[in-house]
Amino acid sequence: MHHKLPLEIEPYRAAHGGVILEGELPLNTMPRLTEQLLSDEGVVSVKMEFDLDEVDMPYMRGHFSCKVSLSCERCLEAMDVNLDVDCLLAMVISELKVEGLAEQYEPWLLESNEPVALSAIVEDELILSLPLIAKHESACLPNDVWLSEAEDNQAEEKTVSPFAVLSDLKKKK
Ligand SMILES: [Zn+2]
């Protein structure tokens with residue numbers, strides 16, 4: 001069964017119903033992601049399969065892909081980056097259950113059966129897949145300029161750890 005993408009989904013109900021969703025979401029529905037991008041134009045191609053595994057664990061297998069525009073850390077010009085995410089999330093009620101989770105799963109903490117915004121799930125996964133440092137593959141600036149810039153970047157990275165942001169995101173799930 002293929003459905004158009006709804007705004008919200010009830011994950012447990014979807015898993016019990018074996019729902020498959022396929023479609024596109026505009027990037028501009030994902031403000032936490034686009035604040036890290038140069039542009040919020042474009043769409044994310046989304047596929048989600050909700051189901052129960054052989055021990056009745058409800059899960060969602062997702063594939064999300066899109067092209068985003070980041071600024072190169074070396075020359076500060078725009079660069080296109082393809083984000084391509086495969087995820088397998090097991091729905092868990094409390095953090096206590098996370099420990100017993102089969103190792104192929106990432107935990108998806110859901111406190112209740114309330115509907116969740118589809119774009120928020122996709123957005124979290126795309127944010128986690130952003131490159132920590134985006135740079136053109138070819139040397140876009142002479143080496144001496146790039147070396148001094150690298151030192152600047154290192155100093156900045158110490159003040160805001162990207163991992164602190166990631167762990168906050170995980171807690172929100
Ligand atoms: Zn560059």
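**Val85**

I started with Val85 and counted 18 C-beta neighbours inside 10 Å, so Val85 goes down as partly exposed. The cut-offs I used: buried means 20 or more other C-beta atoms within 10 Å of a residue's own, exposed means 12 or fewer, and partly exposed is in between, with C-beta atoms placed from the backbone. Val85 sits in strand β6, residues 78–92. Helices here are DSSP runs of H or I with at least four residues, strands are E runs with at least two, and both are numbered from the N terminus.

Next I looked up what Val85 touches. Leaving out residues up to four places away in sequence, I got Phe64, Glu125, Leu126 and Ser129. A contact here means two C-beta atoms, placed from the backbone, within 7 Å. For Ser129 I also took the C-alpha distance to Val85, and it is 6.9 Å across a sequence gap of 44 residues.

**What I am looking at**

Numbering starts from 1 along each chain as its sequence is written.

pLDDT is the predictor's confidence in each residue, from 0 to 100. The protein averages 85, and 79% of the residues score at least 70. Where pLDDT is low, the predicted coordinates should not be read in detail.

**Overall layout**

I listed 6 helices and 8 strands. From the N terminus the order is β-β-α-β-α-β-β-β-α-β-β-α-α-α. Of the 173 residues, 19% count as buried. I also checked contacts between residues at least 6 apart in sequence, and 59% of them join residues at least 24 apart.

**Helix α4**

Two of the Val85 contacts, Glu125 and Leu126, turned up again in my list of buried residues of α4. That list reads Ser119, Ile121, Val122, Glu123, Asp124, Glu125 and Leu126. Helix α4 covers residues 118–129, which is 12 residues, and reaches 17 Å from first C-alpha to last. That is close to the 16 Å expected at 1.5 Å a residue, the expected span being 1.5 Å times one less than the number of residues.

**Strand pairing**

I call two strands paired if DSSP finds at least two bridges between them. I followed the pairs along from β3.

- β3 (residues 20–26) pairs with β4 in the antiparallel sense over 7 bridges, and Glu22 stands opposite Lys47 in β4.
- β4 pairs with β5 (residues 58–71), antiparallel over 8 bridges, and Leu52 has Pro58 in β5 as its bridge partner.
- β5 pairs with β6, antiparallel over 13 bridges, and Cys66 has Leu83 in β6 as its bridge partner.
- β6 pairs with β7 (residues 106–109) in the parallel sense over 4 bridges, and Ala90 stands opposite Pro107 in β7.

Most residues other than glycine have a negative phi.

β4 and β5 form a hairpin with 5 residues between them. Asp56 lies in that loop, and its phi is near 65°, a positive value in a residue other than glycine. Asp56 counts as exposed because I find 8 C-beta neighbours inside 10 Å.

β5 and β6 form a hairpin too, with 6 residues between them. Leu76 lies in that loop, and its phi is also positive, near 65°. Leu76 has 11 C-beta neighbours inside 10 Å, so I wrote it down as exposed.

**Ser94**

Is Ser94 buried or exposed? It counts as exposed, with 9 C-beta neighbours inside 10 Å. Ser94 is in the loop between β6 and α3 (95–98). I took its distance to Pro107, 13 residues apart in sequence, and got 9.7 Å from C-alpha to C-alpha.

**His16**

Last entry. His16 belongs to helix α1, residues 11–17. With 14 other C-beta atoms within 10 Å, His16 is partly exposed. I then looked up Phe50, which is 34 residues from His16 along the chain, and their C-alpha atoms are separated by 7.7 Å.

Key:
Predicted model: local features only at pLDDT ≥ 70, side-chain atom pairs only at ≥ 80, totals over all residues.
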